[in-house]
Amino acid sequence: MMPKKRVFILLTDTGTLFTRTIKLYTRKPYNHASIAFDENLTRLYSFGRKDPRNPFIGGFVKEN
């Protein structure tokens, strides 16, 4: 039997100007989702900006 594997999803509010705009439209408390594969959430991944100064260049990033 294969061991069970878990995926953890973390929902957050990042507080940036861009995400505050999203919250005005969606009226939801969280605007960012990250995934992790360990229960301690030591390595988080999400879809975000590759360059923090440019909101148009995005992809999967490892969060710090």
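A: In the protein chain, 16% of the 64 residues count as buried, where buried means under 20% relative accessible area, exposed means over 50%, and partly exposed is in between (1.4 Å probe, protein chains only). The model is predicted, so local features need pLDDT of at least 70 and side-chain atom pairs count only at pLDDT 80 or more, while totals for chains, interfaces and linings use all residues. Residues are numbered from 1 along each chain as its sequence is written, and side-chain values use heavy atoms, with hydrogens and water left out.

The protein chain has 1 helix and 4 strands, in the order β-α-β-β-β along the sequence. Helices (H or I, at least four residues) and strands (E, at least two) are DSSP runs, numbered from the N terminus. The radius of gyration of the protein chain is 14 Å, whereas a compact globule of 64 residues would have a value near 11 Å; this radius is taken over C-alpha atoms, and the globule rule is 2.2 Å times the number of residues to the power 0.38. Along the principal axes, the C-alpha trace spans about 45 × 25 × 15 Å. Among contacts with a separation of 6 or more, 25% are between residues 24 or more positions apart, a contact being heavy atoms within 4.5 Å.

Now the rings. A pair of aromatic rings is described by the distance of the centres and the angle of the planes. Rings of Phe, Tyr and Trp (its six-membered ring) pair if their centres lie within 6.5 Å; planes under 30 degrees apart count as stacked, over 60 as edge-to-face and the rest as tilted. By this rule the count is 1 aromatic pair. Phe47 and Phe60 form the pair, which is edge-to-face, with 5.7 Å from centre to centre and 85 degrees between the planes. The pair links distant parts of the chain, as Phe47 is in strand E3 and Phe60 is in strand E4 (residues 54–62), 13 residues apart. Both Phe47 and Phe60 are exposed.

Gly59 belongs to the surroundings of Phe47. Not counting residues up to four places away in sequence, Gly59 touches Ser46, Phe47, Gly48 and Lys50. Gly59 counts as buried because its relative accessible area is 10%. Phe56 also lies in strand E4, but Phe56 counts as exposed because its relative accessibility is 76%.

The loop between E2 and E3 holds Leu44. The C-alpha atoms of Phe56 and Leu44 are separated by 21 Å, although the two residues are 12 apart along the chain. Leu44 is buried because its relative accessible area is 15%. Leaving out residues up to four places away in sequence, Leu44 touches Leu10, Ser34, Ile35, Ala36, Val61, Lys62 and Glu63. Between Leu44 and Thr12, 32 residues apart along the chain, the C-alpha separation is 12 Å.

Leu41 is also in the loop between E2 and strand E3 (45–51). Leu41 has a positive phi of about 55 degrees although it is not a glycine, and it counts as partly exposed because its relative accessibility is 31%. Arg27 likewise has a positive phi, near 60 degrees, in a residue other than glycine. Arg27 sits in the loop between helix H1 (17–26) and strand E2 (32–36) and counts as exposed because its relative accessibility is 75%.

The segment after E4 includes Asn64. Asn64 is exposed because its relative accessible area is 97%. From Asn64 to Arg43 the C-alpha distance is 8.2 Å, across 21 residues of sequence.

Charges complete the picture. The protein chain has 12 positive and 5 negative side chains, and the centres of the two sets lie 5 Å apart. Lys and Arg count as positive and Asp and Glu as negative, with His and the chain ends not counted; the place of a charge is taken as NZ of Lys, CZ of Arg, CG of Asp or CD of Glu.
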